[in-house]
Amino acid sequence: MNFIKNIKNMFSGSGGELEETSPVAGTEDSPIESLVTNPEHPPNKTEAPVIRRVIRAPVASNDLFPPDDPEKVLIRAQPSTTGDQCLFMVNRPLLPGYSWWFPTFESAAGSPLTERLFSLDDVESVLIHEATVTVTRKDKTIFDWKPLGAEIGAAIREALEEGGDLIAETIVNEMPSEEAVRHGIQKAIDEEVNPGVAGHGGRITLEKVKGNTITIQMGGGCQGCSAADVTLKQGIHGSFRKFVPQVGAIFDETDHTAGLNPYF
Amino acid sequence: MPKLNQFKIRIETGDPGMEGLVLFNINSHQIPFENVSGGTGTGEVFEGGFEVNSFAHSLALIGPKKDEWLLRKVTVDYECENAPPYSVEFGEVKLDETTELDIWKDPPLPTFDC
C-alpha cells in the first residue's frame, strides 16, 4: 500500500473517488470518508473537528547492561546525531537525584570525577546527570568519539574505583530546592525567554522539575523550527542559568522519551 | 527522521477496555489499522499494522470515541528506511475521547562500550 497515494487521494476529489481508489476503503460498509474523518458523523457537515491532545506514555527501557557482573563498571557511549556531544551511560549512580553542569576546567575543581575528565585534552564541558555523563568536545571537526570515548570511559572507571565522593561536597550541599528551581525558571521564562521568542510566534513552558533538572516544552513557532536546537542552547539555556545558576540538565520534552538527550 | 516503511502494533488492554474501531493518526489523518487480530476489550490483546512508506511527522494512537481506555502495554515494531528494525514498548496509559497517544520514536542512536 502506498501511503502517499492514499493521502493524495484524500485531498484530490470526492468521496466516491476516494472510495474507489483508496486501498484503505476495505468494504462498502466502511467507506474511506467515514474512516478518515469522524466515523460518527457523515461528511459535508460543518461541525468542528474533535481536537485531541497528544499525550506520551512512559517508555520501558531495555536492560542496558547485562546483570551478570554487577561489580564491574560498565559504560556505554552514545554520540549525538550531530557529533558535537556524547552521552556516557554508567551502570551505577554518579549524582543520584540531581544533575550538574561543568562548563569549564575551573568549575570542575574539587570534583574528582570531573577533574579527571577535564584533564583530557579535548573535553570542553561536562554534564553529570544521575548515572550519565554528557561531554562536549573542543574540536568540532572530529565526529569519531571512540578514541576520546575510551579515555573518558577509563577516567570514569578510575574515579569510581577510587571510591569517595565523585562530585564536590559543596555542590551537593548547596543544591537548591525543587521549588526554588521551579520559581526561578518560571521567572526566566516569563520575563526573558517567552518575550524573546514571542516575536517568532514561539512559546516555552516548564513541564517538569526533578531535583535541579528541568524539562521544558517548545510550542508555537518554536515547534518544528530547524533553529530550535540552536535557540535552546544559545539563548534559552543562557537565560535559565542566569536566573538559576544551579540548574543542571535541561531537557526538551520532545527529546525526553528516554531522558538521554539533554540540552545544556 | 527516517522514512517509515511500515509498523506493527500490539496493544494489551486493561480495565476499562474500548469498543469500536482502533484508529491511528498519522500526519493528521485518521486511519484504521490493517491486518488486525484480537480485540480491545478488557484483558484482550489487539494487533495490527500499516504500510506507511512515508515520513511520520506525527504518529498517534487515537483514544476511544467515548469513555476511557486503559492501555496496559503498547509495543510498536518499526521498519524504517536505511535503519535496522527496532521496537519500543510503552508503559501504562489511559486514553479518552480528548486524547491520543504518541507512538512515534526515532530509531535508537548507535552506541559503543568503552
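A salt bridge, as I use the term, is a side-chain nitrogen of Lys or Arg within 4 Å of a carboxyl oxygen of Asp or Glu. By that rule, two salt bridges cross the interface of chain A and chain B.

Some ground rules. This is a predicted model, so local features need pLDDT of at least 70 and side-chain atom pairs count only at pLDDT 80 or more, while totals for chains, interfaces and linings use all residues. Residues are numbered from 1 along each chain as its sequence is written, chains are lettered from A and ligands numbered from 1 in the order in which they are written, and side-chain values use heavy atoms, with hydrogens and water left out.

Back to the salt bridges. In one of them, A:Arg56 pairs with B:Asp102, with 3.3 Å between the closest N and O atoms. A:Arg56 sits in the loop between strand 1 and strand 2 of chain A, and B:Asp102 is in strand 10 of chain B, residues 99-102. Helices (H or I, at least four residues) and strands (E, at least two) are DSSP runs numbered from the N terminus. Over all chains, the search of the whole structure gives 16 salt bridges.

Now the interface as a whole. Taking contact as heavy atoms within 4.5 Å, 41 residues of chain A touch 40 residues of chain B. The two chains bury about 3300 Å² between them, with 62% of it on carbon and sulfur atoms; buried area is the accessible area (1.4 Å probe) that two parts lose on being put together, summed over both.

How many residue pairs are in polar contact across the interface of chain A and chain B? The rule finds 16, both residues at pLDDT 80 or more. A polar contact is a pair of N or O atoms within 3.5 Å; within protein, one must be able to donate a hydrogen and the other to accept it, and residues adjacent in sequence count only if both atoms are side-chain atoms.

On the chain A side, the elements giving two or more residues include helix 1 (3-12), strand 3 (75-79) and helix 5 (146-162). Helix 1 gives the most, with six residues.

Strands count as paired if DSSP finds at least two bridges between them. Six strands form an open, antiparallel sheet in the order 5(A)-6(A)-7(A)-4(A)-3(A)-11(B). Strand 3 of chain A meets strand 11 of chain B (residues 112-113) through two bridges, and A:Arg76 stands opposite B:Asp113. Within chain A, strand 6 (residues 123-130) and strand 7 (residues 132-137) are joined by six bridges, with A:Val126 opposite A:Val135.

Helix 5 of chain A lies across strands 3, 4, 6 and 7 of chain A together with strand 11 of chain B, at about 35° to strand 4 of chain A. Axes are lines fitted to C-alpha atoms, for helices over the stretch in contact, and angles run from 0 to 180 degrees between N-to-C directions.

Chain A has another open sheet, of three strands in the order 8-9-10, with mixed pairing. Strand 8 (202-210) and strand 10 (250-252) each have a single partner strand, so one side of each lacks a neighbour in the sheet.

Last, two backbone details in chain B. The peptide bond from B:Asp15 to B:Pro16 is cis, with omega near 10°. B:Ser28 is not a glycine, yet has a positive phi of about 70°.
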